[in-house]
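Please look through the structure shown here before reading the notes. They are written for a reader who is new to protein models.

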Amino acid sequence: MDSLTVLDHPVLSHKLAILRDENTRSPEFRKTLLEIGHIMSWPVFSHFSVAKKEITTPMENTTQNVLTSPYPCIVSILRAGNGMADALSATLPEAPIGYIGMQRNANTHLAEPYFKKLPDQIQNRQIILVDPMLASGSSAEQAADFLKRDGAKNILFVCLVAAPEGIEYFHKNHPDIPIITAALDRELDENAYILPGLGDAGDRIYGTE
Ligand code: URA
């Protein structure tokens, strides 16, 4: 399994251009994010395990691969992760959705968890951890730590835009967790925003700029 997958798809690129555009307002941003989620669900969900199941069609008996253990769940890093969680969930509503709230510690300036609500059997699930922006990597790294402390073993991190700094930091701490991103951008600025990026994803999704 590749540890970093940068998706390359003409329609994904087209829609990412809409998200990057500073003139795109939040209703169109949210709609486009949903559309991107549909495109990303194909490569993301291809990581799931399947097992053969006997099925009786109206015509005859057959076997068909169906999802098996570890069963999937989506875990959103609040708040921007919710936009991606909604998008992936539209294609796989069977997957329960968990939430992890992260906030910046005023003293250490590092992200730390302040809230969690996770699906049952988290240790036996294939977790799709989502946050649109992998910037410094601190939130994603802490969220993955948090999940592992609860026994999680199978985690996949999915984002829209990643910075090289975030990928390096995340993989140094969680070499076992593959990353799937729709774009790999150039760098972080001095405030840890991604360049060229798309600005503050949470503000742009929820119209709070
Ligand atoms: N979070 C965002 O929403 N945007 C960035 O560029 C970096 C972190």
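The notes below cover the ligand site, the salt bridges and some features of the backbone. This is a predicted model. Its ligand sits in the largest pocket, and the structure also holds eight salt bridges.

**Ligand site**

- The residues around the ligand are Met133, Ala135, Ala192, Tyr193, Ile194, Gly199, Asp200 and Ala201.
- By type, this shell divides into six nonpolar residues, one polar residue and one charged residue.
- Ile194 has a backbone N or O atom 2.8 Å from an oxygen atom of the ligand.
- For Ala201, a backbone N or O atom lies 2.7 Å from an oxygen atom of the ligand.
- At Gly199, a backbone N or O atom is 2.8 Å from a nitrogen atom of the ligand.
- The ligand exposes 240 Å² when taken alone, and the protein buries 82% of that area.

**Salt bridges**

- Side chains of opposite charge can pair when their charged atoms come close.
- Asp150 lies in the loop between helix 4 (138–149) and strand 9 (154–162), while Lys116 belongs to strand 6 (residues 111–117), so the pair ties together parts that are 34 residues apart in sequence.

**Backbone features**

- Most peptide bonds are trans, and most residues other than glycine have a negative phi.
- Ser69 and Pro70 are joined by a cis peptide bond, with omega at about -5 degrees.
- Pro70 is placed in the loop between strand 3 (61–67) and strand 4 (72–78).
- Another cis peptide bond runs from Leu195 to Pro196, and its omega is near -5 degrees.
- The loop that holds Pro196 lies between strand 12 (194–195) and helix 6 (201–206).
- Gln121 is not a glycine, yet its phi is positive, at about 55 degrees.
- The position of Gln121 is in the loop between strand 6 and strand 7 (126–130).

Technical notes: Residues are numbered from 1 along each chain as its sequence is written. This is a predicted model: local features need pLDDT of at least 70, side-chain atom pairs count only at pLDDT 80 or more; totals for chains, interfaces and linings use all residues. Side-chain values use heavy atoms; hydrogens and water are left out. A residue is near a molecule or strand if one of its heavy atoms lies within 4 Å of it. A polar contact is a pair of N or O atoms within 3.5 Å; within protein, one must be able to donate a hydrogen and the other to accept it, and residues adjacent in sequence count only if both atoms are side-chain atoms. Accessible areas come from the Shrake-Rupley method with a 1.4 Å probe; for residues, only the protein chains shown count as cover. On a 1 Å grid over the protein atoms alone, a cavity is a set of points where a 1.4 Å probe fits but cannot get out, and a pocket is an open set with protein on both sides within 12 Å along at least five of seven lines; lining residues have an atom within 4 Å of a point. A molecule sits in a cavity or pocket if more than half of its atoms lie within 2 Å of its grid points. Ala, Val, Leu, Ile, Met, Phe, Trp, Tyr, Cys and Pro count as nonpolar, Asp, Glu, Lys and Arg as charged, and the others, Gly among them, as polar. A salt bridge is a side-chain nitrogen of Lys or Arg within 4 Å of a carboxyl oxygen of Asp or Glu. Helices (H or I, at least four residues) and strands (E, at least two) are DSSP runs, numbered from the N terminus.
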